Amino acid sequence: MDAITQNLTPAQADAVTHVDGPLLIIAGPGSGKTRVVTHRIAYMLNQGVRPWQIAALTFTNKAADEMRMRVNLLAPNQPVWMGTFHRFCAQQLRRYASFVGLAENYSIYDMSDSRSAMKRAIQAAGVSTSHATPEQIASAISKAKNRLITPESMQQQSGRASDTVAARVYPVYQEQLLLANAVDFDDLLYHFARLLRENPEVRGELDAKLKYIMVDEYQDTNLAQYAIVRAMSVDHPNLAVTGDPDQSIYGWRGADLNNILDFEKDYPNVKTVRLEQNYRSTPNILAVADQLIRHNRRRKAKELYTENPDGENVILRQYQDGYEEADAIADEIAAQMITGNAEPRDFAIFCRMNALTRSLEHALRNRGLPYQIVNGVEFYQRKEVKDLLAYLHLINNPSHDVALQRVINTPTRSIGATTLGRLQSFADAERIPMLEAARRADEIDTLSKRSKTMVRSFVSLYDRLRKKATASLEELVRYLVEETKYIAFLERTTVEKEDSNPIENVDEFLSAAVEFDRMNPEDGSLEAFLEQVALVSDTDKFEDSNNRVTLMTLHAAKGLEFPRVFLIAVEDDLLPHYRSKQDDQQLEEERRLLFVGITRAKQWLQLSYAKRRSMRGDIRVAIPSMFLSELPRADMNVIESHADRDFFDESVDDDYPESWDLVQEPAPEEEAEQEYSSETAVTNTSSIGGPKTPPSTVDRLPKTTSDAASVIPEVYLDEPAAKPKPKRNSAALASALTTASEMLSSDRVPLGAYREGSTVRHPEYGEGTITELTGRGPKRTAKIRFSDNESEQTFRLAFAKLELVDASNP
DNA sequence: TCATACCCCATTTTT
DNA sequence: TGGGGTATGA
């Protein structure tokens, strides 16, 4: 037809050219779904659909950004609305705030905000938390909101004990939120869905305006989202949804698989298109994925196929324990980089839980392999940043009680828990926001004279800040930091923490403000900034521009792809997780999780499990996951670990050779985990299923890891060191990713080089002498006496910013 | 009011 | 093993 449909397969073109009427696109992994969606938008525009009639809803900012970028290539500069569900609702709610009892400048509570609000509500409701933890209550309320259950109707429903408790907290929580002119994440959907339900004229208006609605990842919608989409597609049922039931992994957050399974019932005239051809993976990988997912019952049958050429078999590999797994994988990555023309960015390591990335981190760091962990400590979650943000929130919305509580004694001004509690009771009794209560401190008899003075001075500080609310963001933040003497506060309170730099974070925050001003010269309001910040997430910051190995959970991996993938700890109780094993539906979700992981891989995949795994301190025997037995062996190589190593392993696991520190190797990285590395490197590159060589004595020695590292092309090794602090945040709000390897540059002195008596230099404390060394590996700790002021400090060598001046051991 | 010590508890977490 | 919340003393 034209350029837009030219390069599409028949199935894809079928979906792209269906403009009017409901459309269901069942899109298997790697089937070019985004391509279809973006081309469809371009096609519609070509057909004369006006851009503002289209809204494309996604779940993540990342997905929305990608879509926007690609649509822009096909149809430049068209004001099609593309963004997340939550942002969409947030924007609509600004217009219709009064309909649901909010003011237009309402605040969006993030997770920790809602948590504190929840605690306060639990207290105010006077329920006991002995039968239901605050988390359980919060989750029950969240689920209720996702299912559009009002506080009133929740009370009528009889349920479990925790639900009964939650039902009592819910109305209180909700009332407090409204009083604070705030919403939590669930409310964005909940309020908007109710708004549509209860105001037919608003519903009709939006239905008419947004004639073409598209929803991505439809399998992950919950009832509230379903209701929203449904309500806007009554008069103009041109709703196009894409999704894959087999990739639904957010059931625990309220996603309802029935939304997609029943779509054809909801919209009788639906056109259904199946995208089953996979353009991503090798047939081997796809076969493994396909066999696995066939074990699920609640799904829409799908024939996955690919025309890609055959690839290597999928490897299923056993390790003795988690440390061996980590080391072997790091070695394997190093080896593949040398032999397989691979770069760090080609690799991803997936796991079920964040806790499992730790040993991998060590192993990668030791080899100088650059890596990034998606979901590290998030910029906007850091204390300093949250403090400043809380001030901004309070300036924008004086009713923001959570912000007030955070800020009223930060920096400390002797307004402690007692005073705060009294303010709170007064506010509760008068049903006023806490800032208002603070203004009326004089009326609160229980407050001491001193407290009243302190509170008054805080209020006057607030009023001064508030005057700057309409200034540029940069000016406001500068003024804020200045007026609150925040930097001085940080300097005085920061205890030596090696891995964070609060003052730097303040600078970065300022840069983010400057950047926001620059990007939004006209409409850059404080409110817009806060909304922006509230609705960006941690995983959005995954950057593929970094040439690094990526570590992440299976959940975070959805929607991504990598040439080479390791899936670790495929063990019983981990995957499937023991808390999901009782229930069939949950078990199927766990299987989908593995399916998602497998289908991320383009050309190479290894699944692994260990015989033993140490978890939270103790070592447990691990059993391979039941899912592994469901995989077809024809497309796999199964490699077992050497059984005869058990004795040896145990002897070293707990009994670290004392002589370790003394081993004089050219720069040995001294990590307990290292002991396997050389042997594993041999086995896994060449001898797939080959002879099992028992480890020789030499192999057991802490052989230099540098021989793995030294063969890695310089260019990779240099990366983390060459740019120790790449633009971490200033460039864009969405780029707040922090990688551990940025903080731990790889060119540091090997830990073994430090001796008692060595002279070192610390950026803050100056020169000093090591007086004592304890611990090993990442816990290797040095006690250092500093010469200038005779102070003695202890540091973890792996983290401290130490410089070795003189290694000699007098 | 604030700092420290201990005690408890641990999936996943698009927004 | 480690983070976060609470009890305790200065």
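Let's start with the annotation. An unreviewed UniProt entry marks a "binding site" over Ala-27, Gly-28, Pro-29, Gly-30, Ser-31, Gly-32, Lys-33 and Thr-34. UniProt positions follow the numbering used here, feature names are shortened, and such annotations may be inferred rather than shown by experiment.

Some ground rules. This is a predicted model, where local features need pLDDT of at least 70, side-chain atom pairs count only at pLDDT 80 or more, and totals for chains, interfaces and linings use all residues. Residues are numbered from 1 along each chain as its sequence is written, and side-chain values use heavy atoms, with hydrogens and water left out.

Now, two residues of that site. Pro-29 sits in the loop between strand 1 (23-27) and helix 3 (33-46). Those are DSSP runs, numbered from the N terminus: helices are H or I, at least four residues, and strands are E, at least two. Gly-30 is in the loop between strand 1 and helix 3.

Buried or exposed? Pro-29 is buried, at 2% relative accessible area. Gly-30 is buried, at 15%. Buried means under 20%, exposed over 50%, partly exposed in between, with a 1.4 Å probe and protein chains only.

Next, contacts, meaning heavy atoms within 4.5 Å. Residues up to four places away in sequence are not counted. Pro-29 touches Asp-244, Gln-247, Asn-278, Arg-280, Leu-304, Phe-595, Thr-599 and Arg-600. Gly-30 touches Gln-277, Asn-278, Tyr-279 and Arg-280.

Last, the core. The largest nonpolar core has 70 residues; Phe-192 is among those touching the most other members. A nonpolar core joins buried Ala, Val, Leu, Ile, Met, Phe, Trp, Tyr and Cys through side-chain atoms within 4.5 Å.

Definitions and conventions:
Chains lettered and ligands numbered in written order.
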